[in-house]
Amino acid sequence: MKVGIIGVGAVGAATAMAVALRARAREMVLIDRDAARAKAVATDMHYGEPLSALLDIRDGGYDDLADAGVVIVTAGVNEKAGGATDRKDPAGRLRLLDANVKVFEDIVPRIVKVAPAAPILVVTDPPEPLIDVAGHDRVLGTSTYLDSLRFRVHLAARFAVSPSCVEANVVGEHGTSSVFLWSSARIGGERVTDALARRKIAFDDFCRQLEQEVRYANITIIEGIGASQYGVGMVAARVAEVILRDERAVFPAGFHNPRYGVALSLPSVVGHEGVAEVIWPEMSAEETAGLERSAETLKRAVGKYLGKS
């Protein structure tokens with residue numbers, strides 16, 4: 001029941017706090033190239049241990065990841081520092097790939113050396129190409145899980161219902177080519193498209209505005225606080241919990257998909273080994289084509305790192 005977190009910046013610290021509050025781990029090791037920062041965050045959290053479940057929080061090195069149940073990677077250049085905050089830029093988070101490939105080429109072999117059986121959860125952007133760069137069969141990414149939650153939250157607000165009553169997925173890239181599955185989105189079992197028609201709400205305008213809000217929610221957050229961190233930290237903690245408890249829960253996760261020849265995000269069964277199975281959701285012809293375009297975007301981005309044109 002050990003969780004390792006590599007990178008203790010804004011996202012890593014938020015992830016650590018969320019893990020402490022919900023993941024039911026017994027041990028959490030924080031690692032950062034700035035050892036003093038990792039120690040300070042671990043010490044700060046350590047003083048709250050009497051108020052939490054049994055959890056040993058400490059800083060450490062890669063050797064301390066031995067026997068980890070999951071290793072979460074948040075290290076790397078973030079969107080603000082990497083210049084990925086322009087809503088008009090079609091590359092979006094892919095702008096960060098060159099810099100973060102170098103980070104992963106250093107980190108991943110060190111993780112695999114000491115914890116070869118541990119699933120590696122990629123939170124660093126852009127997650128799908130970095131999954132392929134990692135080249136390890138137990139690598140998965142938070143990917144469009146957060147996008148899907150944002151989709152649900154925005155739908156719930158418009159229909160004045162709890163987000164827990166909304167079923168809606170975003171698939172493909174955690175980025176500008178992501179695909180919103182409107183055809184299978186439901187509220188209390190009713191298709192969202194039918195609910196809109198019943199209310200005489202124009203679908204195209206509704207869809208365009210909501211997708212814009214969800215797709216660029218990260219930039220809106222960054223403009224306010226400098227980093228999109230708390231939501232993705234909560235998502236990473238939930239995925240860690242699922243892996244540690246072998247829940248076999250289903251949610252969108254990034255994983256290498258042989259059908260498309262690249263890592264992308266689809267609803268997946270997740271357990272102690274990482275992704276156990278990919279679920280193929282209902283998709284319209286337009287959504288299927290969108291997913292194929294997203295896969296091609298990701299192939300072009302990661303191809304040069306995998307020796308492919």
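Analyst: A pocket is defined on a 1 Å grid over the protein atoms alone, as an open set of points where a 1.4 Å probe fits, with protein on both sides within 12 Å along at least five of seven lines; lining residues have an atom within 4 Å of a point. The model is predicted, so local features need pLDDT of at least 70 and side-chain atom pairs count only at pLDDT 80 or more, while totals for chains, interfaces and linings use all residues. Residues are numbered from 1 along each chain as its sequence is written, and side-chain values use heavy atoms, with hydrogens and water left out.

User: Which residues lie nearest the centre of the second largest pocket?

Analyst: They are Phe 180, Trp 182, Cys 207, Glu 211 and Glu 286, among 16 lining residues. The pocket has a volume of about 350 Å³, where a volume is the space filled by probe spheres set on grid points joined across faces, edges and corners.

User: What makes up the lining of the second largest pocket by residue class?

Analyst: Ala, Val, Leu, Ile, Met, Phe, Trp, Tyr, Cys and Pro count as nonpolar, Asp, Glu, Lys and Arg as charged, and the others, Gly among them, as polar. On that basis the lining divides into five nonpolar, four polar and seven charged residues. Helix α7 gives the most to this lining, with six residues; helices (H or I, at least four residues) and strands (E, at least two) are DSSP runs, numbered from the N terminus.

User: What is the volume of the largest pocket?

Analyst: The largest pocket holds about 790 Å³ of space. Of its 38 lining residues, the closest to its centre are Gly 7, Thr 74, Ala 75, Gly 76 and Val 77. Helix α3 gives the most to this lining, with four residues.

User: Why is strand β2 called largely enclosed?

Analyst: Buried means under 20% relative accessible area (1.4 Å probe, protein chains only). Five of the five residues of β2 (residues 27–31) are buried, so the strand is largely enclosed by the rest of the structure. Glu 27, Val 29 and Ile 31 are buried on one side, and Met 28 and Leu 30 on the other.

Conventions:
Buried < 20%, exposed > 50% of the residue type's maximum accessible area, 1.4 Å probe, protein only.
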